[in-house]
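Okay, thanks for making the time, everyone.

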Amino acid sequence: MSYKIEHNGKTIELPEFGDVPTGVLRKARHEKESEQSWFILEQTLSAKELAVLDTLPVSEFAKHMKAWTSGVSLGE
């Protein structure tokens, strides 16, 4: 199953957070905490999907990230 974000008639499909490859999470832990989510997104989404993501308002982006990760911080 995946997590879908719809915005301006376009859909971004993120993998289920539990299905993100372990290697991506392993590498993300070396990033500053403020960069970890971006690192994971940049590793799992295409350039086209990232371009759609870039148009989301910050409040909507934050809501989706919390829902996608079920509120779990990356270090947990």
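**The hairpin, the helices and the core**

Let's start with a pairing: Tyr 3 stands opposite Leu 14, which sits in E2. Before I go on, this is a predicted model, so local features need pLDDT of at least 70 and side-chain atom pairs count only at pLDDT 80 or more, while totals for chains, interfaces and linings use all residues. Residues are numbered from 1 along each chain as its sequence is written, and side-chain values use heavy atoms, with hydrogens and water left out.

When I say helix or strand, I mean DSSP runs numbered from the N terminus: H or I with at least four residues for helices, E with at least two for strands. Strands pair if DSSP finds at least two bridges between them. Here, E1 (residues 2-7) and E2 run antiparallel and are joined by six bridges. They make a hairpin with two residues between them, and Asn 8 in that turn has a positive phi of about 50°.

On the E2 side we have Lys 10, in the strand that covers residues 10-15. Contact, for me, is heavy atoms within 4.5 Å. Apart from neighbours within four places in sequence, Lys 10 is in contact with Ile 5 and Val 52. Gly 23 is 13 residues from Lys 10 along the chain, and their C-alpha atoms are separated by 29 Å.

Now the two histidines. His 7 belongs to strand E1. Is His 7 buried or exposed? Buried, at 13% relative accessibility, where buried means under 20% relative accessible area, exposed means over 50%, and partly exposed is in between, using a 1.4 Å probe and protein chains only. The side chain of His 7 reaches the backbone oxygen of Thr 55 at 3.3 Å. If you leave out residues up to four places away in sequence, His 7 touches Val 52, Thr 55, Leu 56, Pro 57 and Glu 60.

The other one, His 64, is in helix H4, residues 58-68. His 64 is buried too, at 9% relative accessibility. Again not counting residues up to four places away, His 64 touches Tyr 3 and Ile 5. And look at Lys 4: 60 residues away along the chain from His 64, yet their C-alpha atoms are separated by 9.0 Å.

On to the rings. Rings of Phe, Tyr and Trp (its six-membered ring) pair if their centres lie within 6.5 Å; planes under 30 degrees apart are stacked, over 60 edge-to-face, and the rest tilted. How many aromatic pairs does that rule give? Two. One is Phe 17 with Trp 68, with ring centres 4.9 Å apart and planes at 85°, so that's edge-to-face. Phe 17 is in the loop between E2 and helix H1 (22-28) and Trp 68 is in H4, so this pair ties together parts 51 residues apart in sequence. Both partners are buried, Phe 17 with a relative accessible area of 15% and Trp 68 at 5%.

Then there's Trp 38 with Phe 61, a stacked pair at 4.8 Å centre to centre and 0° between the planes. Trp 38 lies in helix H2 (residues 33-44) and Phe 61 in H4, so here the parts tied together are 23 residues apart in sequence. Trp 38 is partly exposed at 33%, whereas Phe 61 is buried at 14%.

Staying with H2: Gln 36, Phe 39, Ile 40 and Leu 41 are buried there. Their cover includes E2, H1, helix H3 (47-53) and H4. Glu 31 is partly exposed at 33% relative accessibility, and beyond its neighbours within four places it is in contact with Gln 36 and Phe 39.

Last stop, the core. A nonpolar core is a set of buried Ala, Val, Leu, Ile, Met, Phe, Trp, Tyr and Cys residues joined through side-chain atoms within 4.5 Å. The largest one has 18 residues, and Leu 14, Leu 41, Leu 53 and Trp 68 have the most contacts inside it. E2, H1, H2, H3 and H4 each supply at least two of its residues. Take Leu 53: leaving aside neighbours within four places, Leu 53 is in contact with Ile 5, Ile 12, Trp 38, Leu 41, Leu 45 and Phe 61.

That's my tour, thanks.

Technical notes:
Polar contact = N/O pair within 3.5 Å; in protein donor to acceptor, adjacent residues only side chain to side chain.
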